[in-house]
Amino acid sequence: MDIVHQTTLHVPSSFNSQSTRFLVLLNSEHRRLWDSAREIMSGVLPEDVFATYFAPMITKYRTGYGTIFCFENQSTISAVAKQYEGIISREKFEQWSEQSSGMHQFALWCALEAEGLGANLQHYNPHIDQMVKETWDVSRDWLLKAQLVLVRLRMRLSVIRKRRRSH
């Protein structure tokens, strides 16, 4: 996905550290994620909460087109912080990393929308972190921040219409 690549290259980050990382899952890998998320979340939430709120949402996410994981590379942040040790506190670099991650997520969302893909931002971490790292061989230095779920615009419009009718 060229959109993901361009977002990674052109959204600013503190000291041009470019600590944001994305991993794109499409089709069967996307469904595999949400099947695993369903299993994990059903084990950590009270049954009624899972059945009422989470199960229906996970089912919707699973029908989407794909999921883009948003990570922050902790070793990149540490390396930049080390260059400025004694001048700028490490906490500032962590804070700026959070801000950069948010900018990347927003820019990616907007770019995908412009291309006709709907998106919604989810935060099933930290519950799914270990499964994600093991299943897709993600570096232990990458900290999962969010999951951007992609839907085809047609699907998104049908959900909006259903919501309008129910209100």
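Visitor: What makes the space of about 50 Å³ a cavity?

Guide: A cavity is a set of points, on a 1 Å grid over the protein atoms alone, where a 1.4 Å probe fits but cannot get out, and about 50 Å³ of space lies in the largest cavity, the volume being the space filled by probe spheres set on points joined across faces, edges and corners. The search of the whole structure finds one cavity of 30 Å³ or more. This is a predicted model, in which local features need pLDDT of at least 70 and side-chain atom pairs count only at pLDDT 80 or more, while totals for chains, interfaces and linings use all residues. Residues are numbered from 1 along each chain as its sequence is written, and side-chain values use heavy atoms, with hydrogens and water left out.

Visitor: Which residues line the largest cavity?

Guide: Lining residues have an atom within 4 Å of a point, and among them are Ser-13, Ile-77, Phe-93 and Ser-100. The lining divides into three nonpolar, six polar and no charged residues. Helix H5 (90-114) and helix H4 (74-83) each give two or more residues, with the largest share, three residues, coming from H5.

Visitor: What makes a set of residues a nonpolar core?

Guide: Its members are Ala, Val, Leu, Ile, Met, Phe, Trp, Tyr and Cys residues that are buried (under 20% relative accessible area, 1.4 Å probe, protein chains only) and joined through side-chain atoms within 4.5 Å. The largest such core has 20 residues, and Trp-34, Phe-69 and Tyr-124 are among those that touch the most other members. A second, separate core of 11 residues includes Val-4, Cys-70, Leu-112 and Ala-119.

Note on methods: Buried < 20%, exposed > 50% of the residue type's maximum accessible area, 1.4 Å probe, protein only. 1 Å grid on protein atoms, 1.4 Å probe; cavity = no way out; pocket = protein on both sides within 12 Å on 5 of 7 lines; lining within 4 Å. Helix = DSSP H or I, 4+ residues; strand = E, 2+ residues; numbered from the N terminus. Nonpolar A, V, L, I, M, F, W, Y, C, P; charged D, E, K, R; others polar.
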